[in-house]
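Try each task before reading its solution.

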Amino acid sequence: MLTLILQLLLDGMASGLVYVILAAGLVLILSVPRIFLIAYGQFYMIGAYVVWGATVLLELPYLVSLLLATLITALLSMTSYWLIFRHIHAGEKNFLAMIVAAMGLMLILGQAGLLAFGTSSRGMPAIFTGVLSGADLSISVEKVVIMSASVAVTIVLFLLYEKTKIGRAMRAVACNPEAASLQGIDVTALYLVTMGVSGALAGFAGGMIAPAYGINPEMGNHVILTVLLVVMLGGMNSLVGAVVGGIIFGITLSLGQYFVPDLAQIILFTAIGVIILIRPAGLLGSGVSVDV
Amino acid sequence: MSKRTFAEPTKPIALGLGVIILIGLPLLITSNYYLHLLIVAGMNAVLAMTFVLMLRTGLVSMSIAAFWGVGAYTATLLTMKWGASFWLALPLAAIVAAILALAIGALLVRNAAFSFLILTAVLALLTVFVFGNLKWLGGFIGIDRIPPPDPILLPFLPPIPFDSKPAFYYLMLFLLGLAVIFYRALYNSWAGRAWMAIGLNPRLAESFGVNVFRYRLLSFVIAAGTAGMMGGFYAHYIGAINPYAFNIFKTINVHIFAIMGGVQFPLLGPLLGSFVMTLVPELLRVAKEIEPIILGLWYILLMLFLPNGLLSLLQRAGKRSD
């Protein structure tokens, strides 16, 4: 029994850590440029497809493809900010306009993905094979790689956000954009950088899971709902919250789907609802207030 | 310029003309497909009106489609499992959705506007999984072969069966008219003025003795009831429902319909927006696979250049002539 639970915890961690990366990216977008970017899942989908295209069609090495995916999604994310959200930002009470524009972006990217890569699901050859086992637990090497890469990326992100000058600027702008710009921070440039980092995170996550879980054009639409929940659970403006939320989400779902398969999602979502009801800012958030 | 904030300026001639055109449309449009589009557009218009109703009080609800789904499932269960008449099931669907909204709203509406948005988003995600995971609701496959509404039997007249698009069109028109008249009356009542006061400044409204919580809850409940009624209609019109039809993307689309028309016009905006947004994609069908791309561009361009919706063009023209 104990081994079973440990095994489920391990599996939950593997999927939870991928949510952590995506949630961290979304938290950055929500707290620095404050965009409710429903199109974020599409960057993840595009990242996965770029890796598939680069390794299967162009026969590039996996690591090169992953780097390519990260760069392409970062550029896409920055371009979408420059072309769309930069202009909507200027107005007041623009939350609804942002949602509509983000929905438009989601349609465009989703359909562009469909046209470029086709409607069918794709599998790709596994990059890492083999299974590690010991003490009655087993885990595929693939998942170990995913988990360690996720942890590494999260740590790098935290260092960037907490220790570097640019991270400090991000935190300042998240706190108060006007005051930050008075201190000589180029807010627009910073928003661009943040969008780039977030896009890169999504592309990296997509490219990382592509060999393990397969790819389909709908994956972006599905993942964004999960990531939104994770972010709401952890706190809209807290990176630590994204980490905690992602891991709790992954583990709870993994345990729940084993023991109460029919009710797992209902219980989890209700629990998240109750938590947000008690703590509207999320577990670790400090309450963003967005004018709606 | 006199400022009319609620109801659109009443122009009896334009109104009468609009009603006559709407009633006469099935005579002009014989294609079942276009009638279908009009029926869907009318239904979406009512949903979009519920969005504006809540927005008036400063609430952005992400769970419109969820209550729409509650209505659809309630009506379907009533007619298929318990053999109730459609004409009983339709109001019951609205009542069930409204009661549910009262219970949930009492918890959610207390929160500040942004928390409310997040909570309703969680509610919307939860609803899809509740529908999908309950075996007696058909799971994620949903329920199909839902019977059409029972024929209307009137004395001295032949029964009116629901086996053709025009019949459904007139049913939609009836429900749409009902919603418009009801909402118009509400906006012009004490409740409407309280809503507007809350929308302008909740704290100020409270200081004038408006119970913000109660009036917000009222708008949430009325919106849910209306959406529930349209859900009952939808289920029996389409004949099949599945949980994904009621997901959060549907709600965002409903938002888009209203915003596209212009949310400062609580009835005309949603009406115009949903008709345009239902018909434009059809015109784009010639573009085939790039249609969603053009649609997405249209969303973005409109938000960049006309963020207050299509009707703000009229407003601008009006201002210029004053």
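Helices (H or I, at least four residues) and strands (E, at least two) are DSSP runs, numbered from the N terminus. This is a predicted model, in which local features need pLDDT of at least 70, side-chain atom pairs count only at pLDDT 80 or more, and totals for chains, interfaces and linings use all residues. Residues are numbered from 1 along each chain as its sequence is written, while chains are lettered from A and ligands numbered from 1 in the order in which they are written.

**Exercise 1.** Work out in what order the elements of chain A run.

*Solution.* Start with the tally: chain A has 11 helices and 2 strands. Then read from the N terminus: α-α-α-α-β-β-α-α-α-α-α-α-α.

**Exercise 2.** Describe helix H8 of chain A and the residue just after it.

*Solution.* First, H8(A) covers residues 187–213, 27 residues in total. Next, its first and last C-alpha lie 38 Å apart, close to the expected 39 Å (1.5 Å times one less than the number of residues). Now check burial (20 or more other C-beta atoms, placed from the backbone, within 10 Å of a residue's own): 19 of the 27 residues are buried, so H8(A) is mostly covered.

**Exercise 3.** Find how H2 and H11 of chain B pack.

*Solution.* Begin with the geometry: H2(B) (residues 32–56) and H11(B) (residues 268–283) pack at about 140°, with axes 8 Å apart.

How values were computed:
A residue is buried if 20 or more other C-beta atoms lie within 10 Å of its own, exposed if 12 or fewer, and partly exposed in between; C-beta atoms are placed from the backbone. Axes are lines fitted to C-alpha atoms, for helices over the stretch in contact, and angles run from 0 to 180 degrees between N-to-C directions.
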